[in-house]
Amino acid sequence: MTKPEDIVRDEKAQLDFSRTMSYGDYLQLDTILSAQKPLSPAPDELLFIIQHQTSELWMKLMLHELSGAITAIAHDQLPPAFKMLARVSRILEQLVHAWDVLATMTPPEYSRIRPYLGQSSGFQSWQYRCVEFRLGNKNAAMLKPHEHSAERLAQVQDAYRSPSLYDEALRLLARRGLPVPASHTARDWTQPYVEDAQVEQAWLTVYRDPENHWDLYQLGEELTDLEDAFRLWRFRHVTTVERIIGFKRGTGGTGGVSYLRKMLDVVLFPEIWRLRTDL
């Protein structure tokens, strides 16, 4: 029988990293794996920290892909935009399943951690806020939690003041000659999006004749996939929070479950959903 060490030797695996970059060096694992600093004596706090840190890493990638997709659509480069949007939807699937792990935390286990959290809350995540703004859910009040950091505030403000993913999609439809009103192609991008019957008619033109508008039709379906996945993420967030803390107020001061349930009613790309009734 071949010994394990013989297999490694025969495969000529690299084993000496005294003069070259290793896997841990490349990924900076010493930095990442030393970033978990539990404040309580409860063993379950490590789960809570890792859940949120990994979510922030996925959101970093999501923002990277969303920003790339918005730029690509603005430059009429739809194939790479489709790839990026599909990746965002898959990232959201990862985030949905991450709640399954956190849901293994019971109410008594969380209760031992909660006093150590102070007023820190995912509600304050600047990356999540940028995701919301890039997707079009603009809210000036949500700039306030980031005013203590000029660098972070600048990043959130950039997402707040820029056209959202849907804004750029509508501008693309207008460039293709579809009847999107000027009120939706040149507006104050900091204002919340307002649904419009003319915009729905533009999308209906695409969906009633997909053969002649195939790339725009595909864009509409990529946006549908993305919002579908985003809704699932929000829903799993609500149910996980209710499972662990019930209807207690959140550490960030919101009503907790009551606030999260209101967020379930926010529709990002309304005309794309409404047109299905009118097709």
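1. The chain holds 13 helices and zero strands, where helices (H or I, at least four residues) and strands (E, at least two) are DSSP runs numbered from the N terminus. Read from the N terminus on, the elements run α-α-α-α-α-α-α-α-α-α-α-α-α.

2. This is a predicted model, in which local features need pLDDT of at least 70 and side-chain atom pairs count only at pLDDT 80 or more, while totals for chains, interfaces and linings use all residues. Residues are numbered from 1 along each chain as its sequence is written, and side-chain values use heavy atoms, with hydrogens and water left out.

3. Along its principal axes the C-alpha trace spans about 65 × 55 × 40 Å. Of the 279 residues in the chain, 43% are buried, that is, under 20% relative accessible area with a 1.4 Å probe and protein chains only. Among contacts (heavy atoms within 4.5 Å) between residues at least 6 apart in sequence, 70% join residues at least 24 apart.

4. The accessible surface of the chain comes to about 15,600 Å² (Shrake-Rupley method, 1.4 Å probe), and 55% of this surface belongs to carbon and sulfur atoms.

5. On the surface, Met 21, Tyr 23, Tyr 26 and Leu 27 form a nonpolar patch with about 520 Å² of accessible area together; patches of this kind join nonpolar side chains (Val, Leu, Ile, Met, Phe, Trp, Tyr) within 5 Å, from residues with over 30% relative accessible area and no salt bridge (a side-chain nitrogen of Lys or Arg within 4 Å of a carboxyl oxygen of Asp or Glu). Tyr 26 lies in helix 2 (residues 23-27) and is exposed, with a relative accessible area of 60%, the cut-off for exposed being over 50%.

Conventions
Patches are made of residues with over 30% relative accessible area and no salt bridge: like charges are joined within 9 Å, nonpolar side chains (Val, Leu, Ile, Met, Phe, Trp, Tyr) within 5 Å.
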